[in-house]
Amino acid sequence: MTRSPGFQGVQLALSILCENPRRRTGLSTLFPAFVSEALAAFPEVRWLIFAGPEQPWSVADDRVKVVRRFAANDRLYARLWADHFRVAPMAKRGGAAALLTVGFCPVVRANLPTVMHVFTLHHLRPGGGLRARYRRWAVNHGVKCASLVIANSNWVASKLAVEPGRLLVSYEGLCHDTFRPDGPGAIGFPAGSYLLWASNFYPYKRAELALRGYARLPLQVRSKFPLILVGGDWNGGRVVAEKAAAQLGISQNVRFLGWVSDEQLPALYRGARAHLLSTAEETFGRTVIEAMACGCPCVLQDLPVLREVTAGSAMFVDFTDTIQAGEALLRVCTDDAMFEQLRSAGLRRAKQFSFAQLASARVGAILEMLRQRAFERPATISAS
């Protein structure tokens with residue numbers, strides 16, 4: 001592993017205040033895994049984590065200090081004030097050499113380099129209210145001011161106006177000890193006996209389109225392969241999906257499990273005939289690599305980023321075409337040869353993702369950025 005010379009005992013600050021402690025997302029597991037792997041790969045680096053008072057943080061190490069003085073995203077305006085005006089000065093006073101953020105560059109940076117992760121492109125959506133205007137400002141301001149911008153796919157990078165010298169493309173990671181094909185299946189569900197939809201019920205995930213495609217299956221196929229939906233509610237999205245299932249007359253073949261534990265999710269992937277993702281947009285598709293690593297074939301909305309992430313190791317369909325979606329689901333349920341082909345291809349592709357690789361790429365790029373800044377800084381001339 002390449003080390004950046006001249007950096008001993010570097011401290012990096014990371015704000016995870018953007019997470020709502022009452023709602024789990026992909027970031028809930030991404031950053032603890034990132035820091036854990038970074039500790040192993042870069043023993044010279046210490047961490048200062050800014051987390052909310054009730055925000056989970058699982059990494060305990062002498063080189064990690066957790067600051068819980070500021071609000072997380074369950075108190076939106078207090079969190080924005082903290083992230084933009086208070087975190088950077090405190091990180092600077094605490095000895096941090098750089099501040100890692102998600103989707104913004106602080107208004108008050110305290111002469112601290114900002115490393116901005118970009119995980120969503122919601123700022124490109126037209127219209128919207130105050131929240132949408134803030135997102136547009138935050139990302140556009142951030143890509144201009146951040147010392148380093150980290151995109152989680154080449155497709156995301158292509159949407160950002162960032163010169164190559166300040167841009168790093170780093171795929172998201174995967175814990176292969178957790179997401180693997182040779183583990184227990186879901187209790188109460190025979191292996192390969194159901195279809196799986198896994199996501200929070202955000203509007204853009206379009207659970208209702210997956211339900212419409214599923215409703216096209218013959219009754220005997222739906223009876224053999226019920227559709228299980230797991231994930232957290234968002235502004236009544238689960239109720240909308242439940243009503244859609246009732247209107248389609250398929251409620252008896254559909255089960256809503258809500259949030260499941262981290263231990264249950266891999267088991268559900270392993271036991272599923274296929275994982276469905278009917279989303280309108282993604283910047284990476286975390287559930288896709290999780291499912292593939294568990295030996296679960298994926299039936300995905302045909303998006304450029306999902307073709308990039310899977311390298312084609314999935315079935316692609318336009319879920320807005322209900323007939324096409326139904327035909328794809330019927331094939332994955334009945335064509336055993338295709339099922340095995342997708343399963344094998346997905347397992348091979350999933351091996352390309354790891355948190356060790358993520359940590360090496362991202363921390364390595366940050367240390368290199370700091371090294372270059374140190375070399376470019378004018379020398380101080382003292383009067384004699």
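Two strands pair if DSSP finds at least two bridges between them; strands (E, at least two residues) and helices (H or I, at least four) are DSSP runs, numbered from the N terminus. The model is predicted, so local features need pLDDT of at least 70 and side-chain atom pairs count only at pLDDT 80 or more, while totals for chains, interfaces and linings use all residues. Residues are numbered from 1 along each chain as its sequence is written, and side-chain values use heavy atoms, with hydrogens and water left out.

**First stop: the sheet**

Select residues 227–230, strand S9, which runs parallel to S10 and is joined to S10 by 4 bridges. Within this pair, Val230 stands opposite Gly258 of S10. Now show the open sheet of 6 parallel strands, in the order S10-S9-S8-S11-S12-S13.

Contact means heavy atoms within 4.5 Å.

**Second stop: the cores**

A nonpolar core is a set of buried Ala, Val, Leu, Ile, Met, Phe, Trp, Tyr and Cys residues joined through side-chain atoms within 4.5 Å, where buried means under 20% relative accessible area (1.4 Å probe, protein chains only). The largest core has 38 residues; among those touching the most other members are Leu12, Phe34 and Trp47. Helix H13 supplies its largest share, 9 residues.

Select Val35, whose contacts include Leu14, Ile49 and Val64, not counting residues up to four places away in sequence. Finally, a second, separate core of 33 residues includes Leu174, Phe189, Leu268 and Ile289.

Notes:
Buried means under 20% relative accessible area, exposed over 50%, partly exposed in between (1.4 Å probe, protein chains only).
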